[in-house]
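Biologist: I am new to this structure. Could you walk me through it?

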Amino acid sequence: MAANGMNNGATGRNGLAKIHTEKRADEVCHDDSTTPMKAQTIDELHSLQMKKSAPTTPLNGIQGPFAEEERTKQQLQSISASLASLTRETGPKVVRGDPASKSATPRVVSHHHHHHVSPTISVSDSSLKFTHVLYNLSPAELYEQAIKYEKGSFISSSGAIATLSGAKTGRSPKDKRVVRDETTEHDLWWGKGSPNIEMDEQTFMVNRERAVDYLNSLDKVFVNDQFLNWDPQNRIKVRIVSARAYHSLFMHNMCIRPTAEELENFGTPDFTIYNAGQFPCNRYTHYMTSSTSIDLNLARREMVILGTQYAGEMKKGLFSVMHYLMPKRQILSLHSGCNMGKDGDVALFFGLSGNVSSGTGKTTLSTDHNRYLIGDDEHCWSDNGVSNIEGGCYAKCIDLSREKEPDIWNAIKFGTVLENVVFDEHTREVDYSDKSVTENTRAAYPIEYIPNAKIPCVASHPRNVILLACDAFGVLPPVSKLTLAQTMYHFISGYTALVAGTEEGIKEPQATFSACFGAAFIMLHPTKYAAMLAEKMQKHGATGWLVNTGWSGGRYGSGSRIKLAYTRKIIDAIHSGSLLKAEYKRTEVFGLEIPTAVEGVPSDILEPMNTWTDKKAYKETLLKLGGLFKNNFGGFVAHKIGEDDKLTDEILAAGPVF
Ligand SMILES: Nc1ncnc2c1ncn2[C@@H]1O[C@H](COP(=O)(O)OP(=O)(O)O)[C@@H](O)[C@H]1O
Ligand SMILES: C=C(OP(=O)(O)O)C(=O)O
Ligand SMILES: [Ca+2]
Ligand SMILES: [Mn+2]
């Protein structure tokens with residue numbers, strides 16, 4: 001092999017011919033015609049790769065050449081105040097940006113706290129260190145943070161980020177605590193059946209300090225400043241301080257994302273979450289019965305999370321806050337999905353959380369390719385109509401199929417958080433049937449990932465109110481039309497069933513009753529919400545429906561779950577108005593009006609008794625469930641619903657009769 005310039009006979013040190021290149025003027029230039037190099041060093045080259053984010057919007061209020069800097073300072077001061085210990089004089093020294101990045105701006109803010117603590121000069125190590133703040137990072141930045149620093153974070157084949165939520169793969173309702181003070185003492189629902197387990201102010205402060213100290217001990221924390229509620233008049237500003245990119249991305253997806261301009265004028269949040277989920281609470285602390293504590297202080301407008309990394313605690317924790325704040329403004333908060341037809345007809349879908357039961361279908365049925373999605377889980381109903389509280393959806397993934405739920409399937413792409421799913425180690429393809437980590441696998445995605453989501457997520461007053469129950473006893477009809485009193489009876493009951501394994505491994509259906517289809521999140525007595533719902537349904541002429549998305553032809557074990565395709569046909573008939581005009585007959589025991597025919601659904605399944613081969617077993621099961629309803633409702637008979645004694649009496653009479 002004789003390359004050019006190697007033929008002049010000269011030898012180098014090792015005896016090989018010396019490479020001799022000679023530039024000839026007449027030679028055509030082949031491969032050195034590339035564009036000139038713009039960097040002199042590798043570092044310089046890398047610095048060229050990233051440009052400053054798009055220019056910021058007008059600097060409202062602050063003017064002058066240092067306006068930008070001033071605004072950043074104000075932002076950092078606000079975050080430093082959030083992170084301030086309440087027993088020390090100052091907030092931590094916060095600095096914006098990743099500590100690992102060279103370009104992190106070393107702009108330090110030591111916020112002087114308004115707190116009056118004895119002016120001793122207390123120096124501790126914590127006051128010497130910086131807390132780096134990763135503020136409202138983008139999904140791409142959060143992916144990089146998760147993948148670099150969080151074990152168990154991987155990119156799935158569809159581009160979603162797969163994460164693990166740790167030991168807790170669902171909410172911990174027994175570990176929820178609410179500060180009982182002079183105000184909440186009278187306002188909130190306490191005692192038997194209530195989700196609000198009390199704690200005192202002092203204990204809250206102990207846990208708050210624990211969380212804040214934990215967060216400040218880290219190199220960096222994530223801060224999300226976002227909104228709740230698409231109704232502009234009733235929008236709430238929330239700040240979430242967390243330690244994991246997973247938590248920050250989850251809330252980025254689930255809350256409403258501010259525009260650049262909205263973020264610049266964000267100011268002080270209305271509510272703050274301190275998520276120190278990796279760190280346990282101290283069980284020697286009063287009121288603590290486990291290592292997990294989710295503490296709500298309405299007066300301070302703060303929530304502290306210790307000992308659970310399940311991200312749903314933040315979403316549902318804020319929902320509880322809305323269940324307090326909104327009714328104060330005569331706005332009804334709803335644990336429901338919502339969608340709207342092409343002609344503007346609006347439907348609500350109530351149902352219990354899949355966390356404690358089989359999912360009832362809020363997310364699945366509100367995500368309907370033929371309708372506009374308003375939201376899948378949390379809404380407000382005001383005099384202006386319905387508004388979604390959130391900016392994203394949180395879909396169950398177990399047994400997810402592309403064919404049956406294409407819109408949810410397609411939403412699982414770059415930016416989506418996939419919790420606790422199992423995937424192929426090489427292809428990173430998710431196996432949605434795998435329950436190895438948990439059955440409660442989830443996907444959290446921004447609502448605009450659903451192609452027919454309506455932005456802004458607001459709609460007019462509902463025409464239909466659909467109560468979903470996954471009846472594992474298999475005795476409730478696939479659909480029944482409800483009177484207003486029946487709607488209230490079933491709303492207050494909040495029935496679904498879950499299938500729990502017994503010691504022998506035999507699975508038995510178990511009835512769950514959760515007032516307002518979300519007792520875990522309500523703050524006031526259920527009758528308060530029920531009265532508001534009755535008033536609104538009456539005023540706007542909405543029709544109530546009970547839809548069983550659970551079993552048919554026998555209880556769990558002998559019957560089978562009603563096909564999703566049939567439930568969708570039933571829902572279509574409700575939306576179109578055709579079901580309202582159908583012929584009805586009344587069932588025994590529950591006194592439900594069931595249609596004799598629904599387009600696209602075999603008529604024989606509409607009456608549950610027809611589908612059971614063992615009629616005696618059917619009757620026994622029906623009576624058993626009726627008894628469970630009666631027993632549960634016993635707790636409400638002493639309460640009046642609304643101003644109207646007549647309605648209260650009617651509701652009591654609208655339950656099962658036998
Ligand atoms: N007939 C049915 N109707 C609704 N959902 C069904 C039906 N059959 C099976 N499913 C499944 O049940 C689950 C319902 O859960 P989901 O919609 O997430 O409930 P929720 O949002 O109320 O917690 C989904 O996994 C869905 O695929
Ligand atoms: C978000 C939750 O529930 P669901 O979507 O099933 O209502 C949850 O319980 O954490
Ligand atoms: Ca829910
Ligand atoms: Mn849901």
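Biologist: In which sense do strand S5 and strand S20 pair?

Modeller: This is a predicted model. Strand S5 covers residues 161–163 and strand S20 covers residues 417–419. Ala162 stands opposite Leu418 in S20. Over 3 bridges, the sense of the S5 and S20 pairing is parallel.

Biologist: Which strands are the edge strands of the open sheet?

Modeller: The open sheet has 5 strands, with mixed pairing. Their order is S4-S5-S20-S23-S19. An edge strand here pairs on one side only, and that holds for S4 (154–155) and S19 (392–396).

Biologist: Now the ligand. Which helix gives the most residues to the shell around ligand 1?

Modeller: The shell around ligand 1 has 16 residues, and Lys362, Thr363, Thr364, Glu405 and Ile562 are the closest. They divide into 3 nonpolar, 8 polar and 5 charged. The space that ligand 1 takes is the second largest pocket. Two elements give two or more residues to the shell, helix H13 (564–576) and helix H9 (362–366); the one that gives the most, with 3 residues, is H9.

Methods:
Residues numbered from 1 in each chain as written. Chains lettered and ligands numbered in written order. Predicted model: local features only at pLDDT ≥ 70, side-chain atom pairs only at ≥ 80, totals over all residues. Heavy atoms only, no water. Near = heavy atom within 4 Å. 1 Å grid on protein atoms, 1.4 Å probe; cavity = no way out; pocket = protein on both sides within 12 Å on 5 of 7 lines; lining within 4 Å. Sits in = over half its atoms within 2 Å of the grid points. Helix = DSSP H or I, 4+ residues; strand = E, 2+ residues; numbered from the N terminus. Nonpolar A, V, L, I, M, F, W, Y, C, P; charged D, E, K, R; others polar. Pairing = 2+ DSSP bridges.
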